[in-house]
Amino acid sequence: MTALSYAARDSLTMLRRNLKHAQRYPSMTASVVAMPVLMLLLFNYAFGGALGAGIGGISGGATGGGGSGDRYIDYVAPGIILMAATSGSLVTAVGICVDMTEGIVNRFRTMAISRASFLTGHVVGSVIQTLISIAFVIGIALLIGFRPDATPVEWLAVAGLLALVTLALTWVSAAIGLMAKTPESASNIPLPLQFLPFMGSAIVPTESMPDGLRWFAEYQPFTPVIETLRGLLMGTEIGNSALVSLAWCVALTVGGYLWARTAYQRSARR
């Protein structure tokens, strides 16, 4: 077997390990999934009427009048779906930090396994779990009245974009988990990632924000992703948001990978 084959085999073993951990201890995954679902229900049913009226007469709730474009659920759902992707980053950071602090990583380093398999298994496992969570959130959104008019090709594009975003955030979270001293700090540091979509166009258009906040919202990484998802799912204008989204995903993936790799190598020299 080649070195690449050994690395792939060891990474698959680590992937199975992480998925079994998630199956045996589902409370973390359940809590991460519950947050975007609760936000979806809250903003649709509690705030949908007021927020929808402020966005040019969009109706709140799942039974607002008119077609698919004039209900607040159709506006807010893409942003909450992205929040499901950001929430998954918490699992990655905590899982890696727990392994680092409990000493299992030191044991792995004494075994004849690929050095890259530990991070690869965690990242791939977290991506799989997060994508399942995203599918669950989409299902809840459809049940309460979300009615996208995307074609099968556009749904594939949505899935691809969400997978890229999830991969990028997972690598960043992996680096955070390696740098954190305790699982508690690992669970707190990624929190801004979870709520950054609210500082974009997830809940209201950026045009309705004060100048300073509007500037931040328009140039932070999640706003173009939300606008691209909304355009693919609801047929709104995308403009250059798709290219900007891909650029952000590539930059975050490469940056997160290099950060995590450097942090893992440094931890071996401690």
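## Aromatic pairs

Rings of Phe, Tyr and Trp (its six-membered ring) count as a pair if their centres lie within 6.5 Å; planes under 30 degrees apart are called stacked, over 60 edge-to-face, and the rest tilted. By this rule, a search of the whole structure gives seven aromatic pairs. One of them joins Y72 and Y75, which is stacked because the ring centres are 6.2 Å apart and the planes stand at 20°. F43, F47, F195 and F198 make up one aromatic cluster.

## Basis of the model

The model is predicted: local features need pLDDT of at least 70, side-chain atom pairs count only at pLDDT 80 or more, and totals for chains, interfaces and linings use all residues. Residues are numbered from 1 along each chain as its sequence is written, and side-chain values use heavy atoms, with hydrogens and water left out.

## Around Y72 and Y75

Helices (H or I, at least four residues) and strands (E, at least two) are DSSP runs numbered from the N terminus. Both Y72 and Y75 belong to helix α4, residues 72–87, where they are three residues apart, about one turn of the helix. Are these two tyrosines, Y72 and Y75, buried or exposed? Both are buried, where buried means under 20% relative accessible area, exposed over 50%, and partly exposed in between, with a 1.4 Å probe and protein chains only.

Axes are lines fitted to C-alpha atoms, for helices over the stretch in contact, and angles between N-to-C directions run from 0 to 180 degrees. The axes of α4 and helix α2 (residues 27–46) come within 9 Å and cross at roughly 165°. That angle makes α2 roughly antiparallel to α4; angles under 35 degrees count as roughly parallel, over 145 as roughly antiparallel, 65 to 115 as roughly perpendicular and the rest as oblique.

Helix α7 (residues 117–143) has an axis that comes within 8 Å of that of α4, with a crossing at roughly 155°. α4 is therefore roughly antiparallel to α7. The crossing of α4 with α7 is right-handed.

## Recorded transmembrane regions

An unreviewed UniProt entry lists residues 75–98, 119–144, 156–177, 189–206 and 238–260 as "transmembrane region". UniProt positions follow the numbering used here, feature names are shortened, and annotations may be inferred rather than shown by experiment.

How much helix is there in residues 156–177? This span is 100% helix and 0% strand, with its end C-alpha atoms 31 Å apart. Residues 189–206 are 28% helix and 0% strand, and the end C-alpha atoms there lie 26 Å apart. Helix α10 (residues 191–195) holds L191, which is partly exposed, with a relative accessible area of 32%. From L191 to T206 there are 15 residues in sequence and 22 Å in space, C-alpha to C-alpha.

## Other residues

L90 lies in helix α5, residues 89–102, and is buried, with a relative accessible area of 13%. Its C-alpha atom is 20 Å from that of I226, 136 residues away along the chain.

Q220 is in the loop between α11 (211–219) and α12 (222–234). With 3% relative accessibility, Q220 counts as buried. The C-alpha atoms of Q220 and L90 are separated by 20 Å, the two residues being 130 residues apart along the chain.

S185 is found in helix α9, residues 183–188. A relative accessible area of 22% makes S185 partly exposed. Between S185 and V98, 87 residues apart along the chain, the C-alpha separation is 11 Å.

Notes
A crossing is left-handed if the near helix is turned anticlockwise from the far one by less than a right angle, and right-handed if clockwise.
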